[in-house]
Amino acid sequence: MSSFPQSLLDGYRTFRTQRLPTEQSRYRELSERGQSPETMVIGCCDSRVSPEVIFDAGPGELFVMRNIANLVPVYQPDANAHGVSAALEFAVNVLHVKHIVVLGHAQCGGIRAFIDKAAPLSPGDFIGKWMAMFIKPGEVVEQRDRETMADFIVRIEKAAVFRSLENLMTFPFVRSAVERGDMRLHGAYFGVARGLLFVLDPATKEFRSVVEAA
């Protein structure tokens, strides 16, 4: 195991000696009965934005799908492989989650690459192709008059949450569950620097600070 990251081995040993003893019965129950989380979180791959840490969730409490810029594609039942769609299908049709949370965040590299129209990072330009689905055909995303670059970036980071929520409803099994009242969709935005969480108010379409609302 000499090539395995030492920090991960150290972390596991800490988990094994400190956390596992207090949660052993929970892990055993999850192993025997399977998982039944009530909430799915669609978040970004960014290492600073871990849903389990932000929501202080224990094992089996969250079903998490992470990708670049927390994007949900539109429903496309074709012959291609769709990781996000597969996770959604499992969460909704198998686990019967009651909530889906799209968690956006500040300083998102995927959004910044989209805004900067960055050159392809590789011959395949997987990031560019992935981020291209953020906008609809013919849609133009530009900085507004008198809008600072910082404000523009935050606006687009939050717009990604709105777009993903919109795209979620293109999946028939998601729309059906929502319309039956069996499931609810939510948007959230995490500020990395101060650790602040903002939750989307469906009535006003604005993100409200959880701290201020407490």
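Helices (H or I, at least four residues) and strands (E, at least two) are DSSP runs, numbered from the N terminus. The model is predicted: local features need pLDDT of at least 70, side-chain atom pairs count only at pLDDT 80 or more, and totals for chains, interfaces and linings use all residues. Residues are numbered from 1 along each chain as its sequence is written, and side-chain values use heavy atoms, with hydrogens and water left out.

Phe134 lies in the loop between α5 (126–132) and α6 (149–168). Its contacts (heavy atoms within 4.5 Å), not counting residues up to four places away in sequence, are Leu71, Phe114, Glu139, Ile156, Ala159, Ala160 and Arg163.

Accessibility is classed as buried (under 20% relative accessible area), exposed (over 50%) or partly exposed (in between), with a 1.4 Å probe and protein chains only.

| Residue | Relative accessible area | Class |
|---|---|---|
| Phe134 | 4% | buried |
| Phe162 | 31% | partly exposed |
| Phe207 | 13% | buried |

The whole structure holds nine aromatic pairs. Rings of Phe, Tyr and Trp (its six-membered ring) pair if their centres lie within 6.5 Å; planes under 30 degrees apart count as stacked, over 60 as edge-to-face and the rest as tilted. Phe162 and Phe207 form an edge-to-face pair, because their ring centres are 5.7 Å apart and their planes stand at 80 degrees. This pair links distant parts of the chain, Phe162 in helix α6 and Phe207 in strand β6 (residues 206–209), 45 residues apart. Ring pairs join Phe162, Tyr189, Phe198 and Phe207 into a cluster.
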